[in-house]
Amino acid sequence: MSLVVENPDIMGKIPVPSGANEIDILSFFNPDAAKMCLIILNQAINVDLTMLWDHSLLRVCADGGANRLYEFFGEEKERYIPDFIVGDFDSLTDEVKTYYQGKGAVLVHQASQYATDFQKAISVVSLYFQAGSSVDFEAIDTEDGLLRLAEEHSTAPCPPVTLLVVNALGGRFDQTVHSINQLYKITAECPSFGVFLVSLDDIVFLVPGGVNYIHYDKQVIGPICGLLPMGRKCTLSTQGLKWDLTNWESDICGGNVSSSNAVVAEDGVVVECTEGGVVVNLEWAKNFMAKR
Ligand SMILES: Nc1ncnc2c1ncn2[C@@H]1O[C@H](COP(=O)(O)OP(=O)(O)OP(=O)(O)O)[C@@H](O)[C@H]1O
Ligand SMILES: Cc1ncc(C[n+]2csc(CCO)c2C)c(N)n1
């Protein structure tokens with residue numbers, strides 16, 4: 001039976017079901033967090049990039065994303081040198097390219113017009129973790145060698161990597177939809193990657209099929225959230241939302257989606273979804289991600 005139950009605005013703790021896949025938003029801001037990577041795409045930066053930068057161990061700019069980094073840090077830019085700048089370099093300015101190259105950033109020119117610069121940035125990250133120091137990134141064929149090499153190493157073991165992507169949402173609609181497409185694609189190709197699209201307003205990620213528990217802290221998250229089946233239609237059951245769902249069918253093609261819902265449990269919610277998963281957005285707590 002399908003059901004929506006309206007809960008009070010504040011609920012207690014929801015226990016973690018045994019065997020649940022745990023997604024921990026707080027781990028991003030924990031200095032001991034596993035492997036955090038930051039990808040900066042090409043739109044004006046309006047988030048607290050310093051905080052995201054300081055919590056990352058690998059920083060990659062997609063093409064014009066490097067211009068945005070350069071502008072953002074201004075006088076302080078010398079302290080914030082990306083590890084890689086990748087793309088077809090139709091947006092990267094000569095001034096920014098020369099500056100970061102001189103400071104040790106690795107430039108990976110990929111002219112191919114069959115992958116976006118966001119995809120090229122993902123390939124840098126996967127190759128970095130799957131092939132490691134055996135790769136000379138600067139010697140890769142500049143047409144599409146990166147994508148081919150990443151493909152060759154795609155079966156190598158990959159550690160759990162958390163990828164925070166800045167500037168993937170808003171702006172041009174085709175680029176925004178492509179960013180959502182990448183959530184599904186990366187999860188399918190590299191399940192050990194957790195990909196999170198970070199904007200000033202919220203954080204967006206794919207919750208896979210099965211039973212999931214999302215940990216959060218109300219100082220960081222909430223309350224508004226959405227459960228959005230951007231891919232296949234699905235059936236959802238939740239615990240800890242303002243409008244909790246039981247066996248609720250959700251379909252973006254003319255069915256229902258749960259937008260403007262809210263997380264009301266103390267520090268975590270259960271989201272159970274059928275195969276294919278569901279895209280979830282969680283609003284940041286007021287001003288949490290604002291530029292400082
Ligand atoms: N207006 C935009 N809206 C949303 N995302 C954007 C926008 N512009 C760029 N991006 C993101 O930043 C990445 C790097 O952008 P880039 O500087 O190469 O611009 P582009 O040439 O328009 O992008 P691409 O070459 O990938 O089509 C893109 O791959 C895309 O993910
Ligand atoms: C089916 C198909 N659709 C669009 C493009 C165009 N395209 C996709 S990624 C990219 C690179 C942008 O830097 C460009 C131009 C294509 N090649 N194939």
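Guide: Asn 287 is exposed, since 10 other C-beta atoms lie within 10 Å. This is a predicted model.

Visitor: Is Asp 63 buried or exposed?

Guide: The cut-off for buried is 20 or more other C-beta atoms within 10 Å. Asp 63 has 24 such neighbours inside 10 Å, so it counts as buried. Asp 63 also has a positive phi, about 45°, although it is not a glycine. Its place is the loop between strand E4 (58–62) and helix H2 (65–73).

Visitor: Which residues does a cis peptide bond join?

Guide: Most peptide bonds are trans. Here a cis bond joins Gly 222 and Pro 223, with omega about 5°. Pro 223 belongs to strand E11 (residues 221–228).

Visitor: What feature does UniProt place at residues 210–279?

Guide: The unreviewed UniProt entry gives "domain: Thiamin pyrophosphokinase thiamin-binding" for that range. In the model, residues 210–279 are 57% strand and 0% helix, and the end C-alpha atoms are 13 Å apart.

Visitor: Which residues of helix H5 are buried, and why do they line one face of the helix?

Guide: In H5 (residues 145–152), the buried residues are Leu 146, Leu 147 and Ala 150. Seen down the axis of H5, they fall within an arc of 95°, so they line one face of the helix. These buried residues pack against strand E6 (106–109) and helix H4 (117–130).

Visitor: How many residues surround ligand 1, and which surround ligand 2?

Guide: Ligand 1 has 18 residues around it, the closest being Leu 41, Gly 64, Ser 91, Gly 171 and Gln 175. H4 and helix H6 (173–189) are the elements that give two or more residues to this shell. By class, the shell around ligand 1 has ten polar, five charged and three nonpolar residues. Ligand 2 is surrounded by Asp 88, Gln 113, Tyr 114, Ala 115, Thr 116 and Asp 117. That shell has two nonpolar, two polar and two charged residues.

Visitor: How many helices and strands does the protein chain have, and why is it as compact as a globular protein of that length?

Guide: The protein chain has six helices and 17 strands. Its radius of gyration is 19 Å, close to the 19 Å that the globule rule gives for 292 residues, so the chain is as compact as a globular protein of that length. Of the 292 residues, 39% count as buried.

Conventions: Residues numbered from 1 in each chain as written. Chains lettered and ligands numbered in written order. Predicted model: local features only at pLDDT ≥ 70, side-chain atom pairs only at ≥ 80, totals over all residues. Buried ≥ 20, exposed ≤ 12 C-beta atoms within 10 Å, placed from the backbone. Helix = DSSP H or I, 4+ residues; strand = E, 2+ residues; numbered from the N terminus. Arc of directions from axis to C-beta. Contact = placed C-beta atoms within 7 Å. Near = placed C-beta within 6 Å. Nonpolar A, V, L, I, M, F, W, Y, C, P; charged D, E, K, R; others polar. Rg over C-alpha atoms; globule rule 2.2 N^0.38 Å. UniProt positions renumbered as here; feature names shortened; annotations may be inferred.
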